[in-house]
Amino acid sequence: MAIIKFENVTFRYESDEEGVALAPAVKDFSLSIEKGEFVAILGHNGSGKSTLAKLANGLLLPEKGRVLVDGMDTVNEEDDIKIKQTVGVVFQNPDNQIVATIVEEDVAFGPENLGIEPTEIRRRVDSALKTVGMYEYRKHGPHKLSGGQKQRVAIAGIIAMEPRCIILDEPTAMLDPIGRRDVMNAIKRLNRDLGITVVFITHYMEEAVEADRIVVMDDSRLLMDGTPKEVFADATKIRSIGLDVPQTCQLSELLRADGIKLKNDLLSIDELVENIDALLKGK
Amino acid sequence: MSHLKTENLTYIYGAGTPFKITALDNVNINIEKGDFVAIIGHTGSGKSTLVQHLNGLLKPTDGKIFLDGEDIHQSKSKLFDTRFRVGLCFQYPEYQLFESTVYKDIAFGPANMGLSTAEIDERVRKAAKYVGIPDEMLSKSPFDLSGGEKRRVAIAGVISMEPEILILDEPTSGLDPMGREQILDLIKNYREKTGSTVIIVSHSMDDVARFATKVIVMNDSKVDLMGTVDGIFENSTHLQEIGLSVPQITEVFIRLRKKGYPVSEKIYTVEQGYRELKRLFEGSVNND
């Protein structure tokens with residue numbers, strides 16, 4: 001069964017001050033995310049990505065259609081707590097997500113609110129901090145950490161609640177290359193080692209290629225849905241909505257236009273180098 | 001003559017306390033008129049502290065900063081003058097919008113320069129045009145705009161002072177690919193039209209490769225390398241050691257060379273890569 005299911009969902013934010021109704025942020029959107037998947041959601045600013053994240057754990061409720069979390073409809077208030085335990089959300093700005101003055105207390109905040117036994121909280125906090133590689137910093141003050149470290153602490157805080165699905169809304173947007181790599185590795189571990197379903201919203205094409213599946217949003221609707229190879233093979237379509245394909249794809253696209261028969265789905269440096277090598281040796 | 005120069009610039013946060021941290025350690029940089037400078041370095045390497053010295057926001061613990069040969073801290077009036085000649089746009093500048101309308105926000109700088117109402121009006125409209133903010137948006141509240149629009153309004157607020165040196169701290173972070181292109185284009189445009197010197201702090205090696213005429217690499221509070229794009233990126237192993245990277249495309253050519261293909265390693269953009277690979281494929285046809 002799908003862990004998150006959007007069925008013909010439409011959502012619009014409240015009208016502005018003058019009372020003019022706003023266009024829907026999400027329009028007739030259907031998507032089914034299965035347990036254990038690693039899904040990346042791509043789309044330019046304002047395409048509706050973040051609204052999806054908030055609809056997926058009941059922070060926002062649809063105007064039309066419905067959102068099912070592990071079979072529970074998000075409009076049912078009696079399931080609200082269970083829904084929020086099932087799906088955790090990590091936001092873009094790490095500074096807005098830290099609540100405590102010591103790293104391990106911050107991570108313990110979620111499980112404490114769930115009324116979990118102290119010994120079990122201790123176990124979860126340690127295990128979550130180890131997963132994101134921040135265990136050595138457990139006694140530190142969060143304000144002295146780098147952006148990437150803070151973001152990993154925020155992720156640990158979500159893992160400690162043991163959700164079955166984690167949605168990350170541009171978690172790397174404010175980080176430097178090293179911070180981005182560390183957060184990316186932590187996310188991959190959650191999916192691979194703990195079997196947590198990951199929904200990863202990003203602007204970075206080179207991060208999206210790491211997912212099993214990419215969903216592309218445009219103008220509040222679903223535009224594409226497929227494996228990274230399928231999605232990036234259509235460079236023209238990706239560009240038409242203000243996104244871009246990885247540099248390796250751009251390069252092979254230019255060469256293909258000159259009749260050099262490189263593949264159109266070379267997403268990594270390794271794949272591109274091997275394909276060039278094979279072509280040249282084949283001659 | 002150099003346009004902007006630092007001499008043995010040192011800055012210590014919390015000097016005289018047990019928490020002191022040396023953020024800049026004997027930094028010497030030299031920027032010429034019209035340069036497009038990129039400052040790169042991992043988080044905490046001193047990039048932002050450095051740019052905050054260049055318009056006199058921070059006062060050096062030791063060392064000096066010269067604008068057209070004059071010490072910017074030599075007098076109060078010199079420092080005041082420097083703040084307008086060197087415009088600094090912080091990281092995530094959209095969080096610093098504060099006025100009730102876009103117009104007033106952009107006008108804040110020029111108004112502080114003591115310009116007449118007519119001059120201010122001209123500056124505001126010109127700056128808005130540079131960043132692609134249409135006239136009808138000027139009367140809106142800045143808080144009703146999208147993230148990308150807010151960022152452009154914030155940049156217009158600095159451009160409206162018509163600084164000779166425009167400094168932007170990570171101007172494209174958090175934006176989508178189209179937003180990044182727009183911001184980079186407008187910076188390039190501003191530089192070409194006004195002949196201004198531009199300094200950007202960036203994490204994107206791809207952008208640095210495409211735009212910069214000079215690159216300054218910061219590491220551990222010191223200037224690690226300074227030179228042209230070619231000169232910097234040929235040190236790919238060293239850059240990786242200090243937590244940076246080379247453009248993805250450069251990596252492709254490093255691998256091809258390792259496999260024994262006669263390709264240049266000095267490939268930093270998709271366009272250069274395309275020409276080099278085309279040469280390689282055509283060469284292999286001719287050899288048959």
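In chain B, helices H3(B) and H4(B) lie oblique to each other, a class for angles that are not under 35 degrees (roughly parallel), over 145 (roughly antiparallel) or 65 to 115 (roughly perpendicular). The axes of H3(B) (residues 102-112) and H4(B) (residues 117-130) come within 9 Å and cross at roughly 120 degrees. Axes here are lines fitted to C-alpha atoms over the stretch in contact, with angles from 0 to 180 degrees between N-to-C directions, and helices are DSSP runs (H or I, at least four residues) numbered from the N terminus. Contact (heavy atoms within 4.5 Å) involves, among others, Tyr103(B) and Ile106(B) of H3(B) and Ile120(B) and Val124(B) of H4(B).

This is a predicted model, in which local features need pLDDT of at least 70, side-chain atom pairs count only at pLDDT 80 or more, and totals for chains, interfaces and linings use all residues. Residues are numbered from 1 along each chain as its sequence is written, chains are lettered from A and ligands numbered from 1 in the order in which they are written, and side-chain values use heavy atoms, leaving out hydrogens and water.

In chain A, H5(A) (residues 147-159) and H6(A) (residues 177-194) pack at about 20 degrees with axes 8 Å apart, and are therefore roughly parallel.

Turning to the interface, chain B contributes 34 residues and chain A 36. Three salt bridges are found across it, each a side-chain nitrogen of Lys or Arg within 4 Å of a carboxyl oxygen of Asp or Glu. Asp277(A) pairs in this way with Lys259(B), the closest N and O atoms being 3.6 Å apart.

Technical notes
Helix = DSSP H or I, 4+ residues; strand = E, 2+ residues; numbered from the N terminus.
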